Amino acid sequence: MFERDTDAEATAFEPVADAVGALAAHLEVVRPGLLAGAAAGAARFHGGGDVLAERIVDAVEAVGHPCRVGVADGLFAAQLAARIVPVRAPGSWPRTRWPSSATAGWRACCCGWGS
């Protein structure tokens with residue numbers, strides 16, 4: 001059994017946090033592998049939730065990691081939403097996972113490889 005190297009995990013996750021941080025403000029690194037933040041403003045800025053989610057996935061994949069995005073009223077629910085979205089194949093995007101009300105009020109958006 002190997003011991004967990006949290007410093008190495010944090011270092012490996014830094015490029016992911018930077019990539020998503022360029023698209024959405026006020027992110028919280030919950031743990032290496034999981035980001036959370038308010039999605040409403042970023043979704044409006046990028047032209048909608050689907051567009052934001054696709055851009056987040058593209059940005060994270062560009063730094064060499066798979067990504068799942070989930071949006072809900074809280075972190076726990078957002079993590080569950082991220083788990084039901086399969087890691088996408090290049091060029092495809094499941095557009096049904098962003099709730100239509102996600103641009104109203106504060107929502108949590110989580111993203112990561114271990115969501």
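What follows is a short chat about this predicted model.

Colleague: How many helices and strands does the protein chain have?
Modeller: Four helices and four strands. From the N terminus, the order is α-β-β-α-α-β-α-β.

Colleague: And what share of the residues is buried?
Modeller: Of the 115 residues in the protein chain, 40% are buried. The exposed surface comes to about 6,400 Å², with 57% of that from carbon and sulfur atoms.

Colleague: Switching topic. How many salt bridges are there?
Modeller: One. The side chains of R4 and E9 form it, at 2.9 Å from N to O.

Colleague: Is R4 buried or exposed?
Modeller: R4 is exposed, because its relative accessibility is 60% and the cut-off is over 50%. E9 is at 25%, so E9 counts as partly exposed.

Colleague: Now H46. Where is it?
Modeller: In helix α2, which covers residues 40-46. H46 counts as buried because its relative accessibility is 10%, under the 20% limit.

Colleague: Which residues does H46 touch?
Modeller: Leaving out residues up to four places away in sequence, H46 touches L23, V51, L52 and R55.

Colleague: What are the polar partners of the H46 side chain?
Modeller: The H46 side chain reaches the backbone oxygen of L23 at 2.8 Å. There is also a polar contact between the side chains of H46 and R55, at 2.8 Å.

Technical notes:
Residues are numbered from 1 along each chain as its sequence is written. This is a predicted model: local features need pLDDT of at least 70, side-chain atom pairs count only at pLDDT 80 or more; totals for chains, interfaces and linings use all residues. Side-chain values use heavy atoms; hydrogens and water are left out. A salt bridge is a side-chain nitrogen of Lys or Arg within 4 Å of a carboxyl oxygen of Asp or Glu. Buried means under 20% relative accessible area, exposed over 50%, partly exposed in between (1.4 Å probe, protein chains only). Helices (H or I, at least four residues) and strands (E, at least two) are DSSP runs, numbered from the N terminus. Accessible areas come from the Shrake-Rupley method with a 1.4 Å probe; for residues, only the protein chains shown count as cover. A polar contact is a pair of N or O atoms within 3.5 Å; within protein, one must be able to donate a hydrogen and the other to accept it, and residues adjacent in sequence count only if both atoms are side-chain atoms. Contact means heavy atoms within 4.5 Å.
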